[in-house]
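Have the viewer open and follow along.

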Amino acid sequence: MDKSQAVNFFVFVHGNHGHSQDWNKFETQLNATFHACGSILWILKSSHNQLDTSIGVMKGGQILAQEILTEFRNIRALYPSNLLNVTMCAHSLGGLFSRAALEHIFHSDNANLIKNIRWVGLTTISSPHIGELRAPGDTFANFWNFFVHTYCDTFNGRTGDDLIFKTNDLSLLSSQSHIRHFDHVTLVALAHHDLAVPYPTASCTLQNPHAVPSFYQPLQLVGAKGFDERYEHLTMRETTIKAVTLNEAEERKTNKSKEVKGTGNKADNYNQCHLPLDVLENFISSRETWRKIDLNIGAYYAPFAHDMPLGKGKMKGLIEPDLEGSIEFMQFMCNMFLLD
């Protein structure tokens, strides 16, 4: 056994009402990417929360942390002295569970267990970091906002309460410092038509720089920010995902963010969400550097746009999703992980 070779440990975390199998396509692509380089690869597709994601962000994080710590022990049984490269990748609610898990993982009781670890990266895909409060708007927007808030409040337990700020948990989580341990933190967001998690809360910004795409546009990469020159060939490559030049997404500020009356929150320039400014500012200031990857997709795919980055296609038989963009996105992400 080569003690000098690092073990690349990947933790994949599913979203609300999700399942470990949600990551099967991603796992296949990751295996192909890393095994071609002869790397030691260890994958955990989290499953301990899949029976119930309504238990609250903090409780979900605690359960996830115990699952990860158990896997650390399993790895150390086979590779007691090898460097461990840890990469976490989470979808939707899993991004919040992952952040909450860090409080338990970095507890002083685990100091010996987490020695000789490089915390490579944390990537969240369409995660509601700043909650699920929707901004008031036209008739359809108000109906959808009412549905989202009612669903969170009535059917999603403690987690729903967290997401609409009936508890203080997201505020507490926004001030957490453990996210600084990672070399890279990457926020992936869909610029438009993610009905579950709109762009502002996933990308943690009040400014959406991207135009609304054409009705039938498949999943496309439209922005990559915060990457250094090592990634330039990846972010600028020619594929059916129309990658843009690094940091070149056109700023779209004709509609500015505005105050939401009676809340002290601000709505984004497309009026999709209203974000508590203290939570937004605390989270953004929790580390110095961020990477962002922006995707876009047409309204035709809106019913399952939220899941398409993972290659999941709902409503099968009614609307057949074009998964070519999903596959290319997963290839992009796995190549990014390899470069990390």
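This is a predicted model: local features need pLDDT of at least 70, side-chain atom pairs count only at pLDDT 80 or more; totals for chains, interfaces and linings use all residues.

Two packed helices are described by the angle between their axes and the distance between the axes. Here are both pairs in that form.

| Helix pair | Residues | Angle | Axis distance |
|---|---|---|---|
| α1 and α10 | 24-35 and 324-339 | about 45° | 9 Å |
| α2 and α3 | 57-78 and 93-105 | roughly 65° | within 7 Å |

Let's take α1 and α10 to begin with. Their angle of about 45° makes α1 oblique to α10, and the crossing is right-handed. On the α1 side, the contact uses Lys25, Phe26, Gln29, Leu30, Thr33 and Phe34, while α10 brings in Phe329, Met330, Gln331, Met333, Cys334, Asn335, Phe337 and Leu338. Sorted by class, this contact has nine nonpolar residues, four polar ones and one charged.

Now for α2 and α3. Angles of 65 to 115 degrees count as roughly perpendicular, so that is the label for α2 and α3. This crossing, too, is right-handed. From α2, the contact takes in Val57, Met58, Gly60, Gly61, Gln62, Leu64, Ala65, Ile68, Leu69 and Phe72; from α3 come Leu93, Leu96, Phe97, Ser98, Ala100, Ala101, His104 and Ile105.

What does the lining of the second largest pocket look like by class? Eight of its residues are nonpolar, six are polar and three are charged.

Conventions
Residues are numbered from 1 along each chain as its sequence is written. Side-chain values use heavy atoms; hydrogens and water are left out. Ala, Val, Leu, Ile, Met, Phe, Trp, Tyr, Cys and Pro count as nonpolar, Asp, Glu, Lys and Arg as charged, and the others, Gly among them, as polar. Axes are lines fitted to C-alpha atoms, for helices over the stretch in contact, and angles run from 0 to 180 degrees between N-to-C directions. Helices (H or I, at least four residues) and strands (E, at least two) are DSSP runs, numbered from the N terminus. Angles under 35 degrees count as roughly parallel, over 145 as roughly antiparallel, 65 to 115 as roughly perpendicular and the rest as oblique. A crossing is left-handed if the near helix is turned anticlockwise from the far one by less than a right angle, and right-handed if clockwise. Contact means heavy atoms within 4.5 Å.
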